[in-house]
Amino acid sequence: MTRSAHRRSRPLAGLGRMTVLGLRTSWRGPALVAVICIALVVAIAVGVEGLYPNLDQRVEYAATAGASGISNAFNGRGYALTSLGGITGIEVGFMGQLLFPILGVVTAIGMTRRQEEAGRTELLTASRVGRLAPLAAAALLLVLTCAVTAVGLAVSMAATGLPVVGSAWYAAGVGACVLFFAAVGLLLGELCQQAHTAQQLGLGAVSMVYLTRFVIDAMGWDAAWASPLGWLPEVRAFDSPRAWPLAAYCLASVALLTAAAVVAVRRDAGA
């Protein structure tokens, strides 16, 4: 069997080797994602605990900053704002709503299109490695990254004194959000010939969904479903947790990954 025929018949051939190789050579990017996400949320959680240690102060916060339309527009909708967890969630808002998706997009492109642009992927796929193995390996590593980030975040938040159950829901929301935008990055990495172009389009997509959520929350419309960044606050981790945002992130991620796989099968290396 020729190499081209082998790649057509076994598109995932060599997946295990590609995954191990990716973990050995590209671990810094995923590690940075986990560290940044955990550090951001924990730092804000500690700050919130110091600023609003008493219930009366938190009630005042909920009645002022938490009820502000401007605050909702920039940070997203807040829930359970008389609790430390609820205040932490909305205070992470602006920074998290931009940082989480950007980390996902940039990391995914760095693990796929940037590797291909540098010629490393073509060198590996010249041997008996399936056409979809590089993409699948990157996807597995990104899922692992998001899982590690979510577990580390949940443990760290609980360690600051926040409720364990609420911390777990919030961390799951963050992990699912990063994974969704990583899937966006994987698709862009397959569609664009240059990593720079893919990153620019990725940042444009992040800006678009952020501005969509911004307008919806500023106007007070009941349309949180219309923007993927509106899904994260709707987890309502420290109020009455809801699973539909997590399901939406996962289903959308699968759809994007499927689209990326279709493109990967149809195009030539470097194209």
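Me: Which residues does Thr145 touch, not counting residues up to four places away in sequence?

Reply: Thr145 touches Pro30 and Val33, where contact means heavy atoms within 4.5 Å. The model is predicted, so local features need pLDDT of at least 70 and side-chain atom pairs count only at pLDDT 80 or more, while totals for chains, interfaces and linings use all residues. Residues are numbered from 1 along each chain as its sequence is written, and side-chain values use heavy atoms, with hydrogens and water left out.

Me: Why is Thr145 called buried?

Reply: Its relative accessible area is 8%. Buried means under 20% relative accessible area, exposed means over 50%, and partly exposed lies in between (1.4 Å probe, protein chains only). Thr145 at 8% is therefore buried. This residue lies in helix α9; helices (H or I, at least four residues) and strands (E, at least two) are DSSP runs, numbered from the N terminus.

Me: What makes α2 oblique to α9?

Reply: The axes of α2 (residues 15–25) and α9 come within 8 Å and cross at roughly 55 degrees. Axes are lines fitted to C-alpha atoms, for helices over the stretch in contact, and angles run from 0 to 180 degrees between N-to-C directions. Angles under 35 degrees count as roughly parallel, over 145 as roughly antiparallel, 65 to 115 as roughly perpendicular, and the rest as oblique. The angle of roughly 55 degrees falls in the rest, so α2 is oblique to α9. On the α2 side the contact is made by Leu15, Met18, Thr19, Gly22 and Leu23, and on the α9 side by Ala133, Pro134, Ala136, Ala137, Leu140 and Leu141.

Me: Which hand does the crossing of α2 and α9 have, right or left?

Reply: The crossing of α2 and α9 is right-handed. A crossing is left-handed if the near helix is turned anticlockwise from the far one by less than a right angle, and right-handed if clockwise.

Me: What makes the 65 residues a nonpolar core, and which of them touch the most other members?

Reply: A nonpolar core is a set of buried Ala, Val, Leu, Ile, Met, Phe, Trp, Tyr and Cys residues joined through side-chain atoms within 4.5 Å. The largest such core holds 65 residues, of which Phe100, Leu153, Tyr170 and Phe181 touch the most other members. Elements giving two or more residues to this core include α3 (28–51), α6 (84–111), α9 (133–159) and α10 (164–191). The largest share, 14 residues, comes from α10. Leaving aside neighbours within four places in sequence, Leu153 is in contact with Cys37, Ile38, Val41, Tyr170, Ala171 and Val174.

Me: How do you know that Asp217 forms a salt bridge with Arg77?

Reply: A salt bridge is a side-chain nitrogen of Lys or Arg within 4 Å of a carboxyl oxygen of Asp or Glu. The closest N and O atoms of Asp217 and Arg77 are 2.6 Å apart, so the pair qualifies under that limit. Asp217 is in helix α11 and Arg77 is in the loop between α5 (69–75) and α6, 140 residues apart. Asp217 counts as buried because its relative accessibility is 7%. Arg77, Arg213 and Asp217 are linked in a network of salt bridges, and the structure holds four salt bridges.

Me: Which side chain does Glu234 meet in a salt bridge with a 2.4 Å N to O distance?

Reply: The partner at 2.4 Å is Arg242. Glu234 also meets Arg236 in a salt bridge, at 3.0 Å from N to O. Glu234 has a relative accessible area of 4% and is therefore buried, whereas Arg242 at 28% is partly exposed.

Me: Why is Arg236 called partly exposed?

Reply: The relative accessible area of Arg236 is 23%, so this residue is classed as partly exposed. Arg236 is found in the loop between α12 and α13, and has a positive phi of about 50 degrees although it is not a glycine. Most residues other than glycine have a negative phi. Ala80, in the loop between α5 and α6, also has a positive phi, of about 55 degrees, and is not a glycine.

Me: Why does Ser253 count as buried?

Reply: Ser253 has 7% relative accessibility and therefore counts as buried. Ser253 is in helix α13 and touches Leu179, Phe180 and Ala183, not counting residues up to four places away in sequence. Val263 also lies in helix α13 (residues 244–266), but at 21% Val263 is partly exposed. Val263 touches Leu187, Glu190 and Leu191, with residues up to four places away in sequence not counted.
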